Amino acid sequence: MSQYTQPPQPQQPYAPAQAPGTLPARNGLGVAALVLGIIGTVSGLIPFFFWLAGILGLIALILGLAGRGRAKRGEATNKGVTTFGAVLGLVALVLSVVGAVLTFKAVDDVVTDINKAVQESSASAKPAADGEAAAGEGAAGGTEGKDDVLRQGDSAVYDDGLEITVGAPAAYTADEFAVGHTKGNSAWTVSVVIENKGKEKFDTALVGVDARAGEDGVDAEQIFDGQTGGGFDGTVLPGKKITAKFAFDAPADAGNLTVEVSPGFDWDASQWELKL
């Protein structure tokens, strides 16, 4: 009896034993610290971006320190990048502090200059030679009480040497082609003199002259005809003066005319109470 032998079965290969696995490096904190540190440092060099530099610098510093902790524990392999990101975060914080100080100082200087300009542009009442008006020390256009009101012939004297004088009103007859005159109303002219006693030339382009009439203070419309309405033109050199005549339309029963002269944006407006 023959004996059959079973052919040997192919031996299955053994799977090699798995070597102890290594976790992937956790380098995200270091990279983030580096990127935020760079952006924060650049922001600190740009005026008015100190706030962004401070925020990004603080975050970069925190992430950088956390990343260094990972590197020490062997969880990250970018210790140099993490350190550099933390350093940049600290630099951004320093720049943010310096930028904040410089910005606040610049704003404070601007506010100081504006306040100084406003104070220098204030005017004080200078009474007429006949003593009709009371002398007030307050700023023209912002005075209180009748004693501080400018009268005909008085001058508003500004601290920069500008001096404005309004003369007495005179009855006026507008021509038939006049603009701004209403039939039945009265027309009055006043002379305005601007004298430049300062050191810089004065531009009259922005000078405004308006008026109100009567106890109710209704607008007295300016009259333009062939003789009046031109206003001021050109500049006034130091030591020189310029005169212009203005005509206003007032109700026939108006007993007073309030004339307001504004030299420009940098000066207070001044007012004169004139009897008609």
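Predicted model: local features only at pLDDT ≥ 70, side-chain atom pairs only at ≥ 80, totals over all residues.
Two or more residues of the nonpolar patch are given by each of helix H1 (28-44) and helix H2 (50-72), and the largest share, 3 residues, comes from H2.

## An open antiparallel sheet

Elsewhere in the model, 4 strands form an open sheet, in which the order is S8-S7-S12-S13 and the pairing is antiparallel. Strand S8 (218-219) and strand S13 (270-275) stand at the edges with a single partner strand each, so one side of each has no neighbour in the sheet.

The partner of S13 can be followed in some detail, as strand S12 (residues 256-262) runs antiparallel to S13 and is joined to it by 6 bridges. For Thr258, the bridge partner in S13 is Glu273. In general, the strands of a sheet pair through backbone hydrogen bonds, either parallel or antiparallel.

## The second largest pocket

The second largest pocket has a volume of about 190 Å³. It is lined by 13 residues, of which Gly44, Pro47, Gly99, Leu102 and Thr103 are the closest to its centre. Helix H3 (residues 79-120) provides the largest share of this lining, with 6 residues.

Methods:
Residues numbered from 1 in each chain as written. Heavy atoms only, no water. Pairing = 2+ DSSP bridges. 1 Å grid on protein atoms, 1.4 Å probe; cavity = no way out; pocket = protein on both sides within 12 Å on 5 of 7 lines; lining within 4 Å. Points joined across faces, edges and corners; volume = space filled by probe spheres on them.
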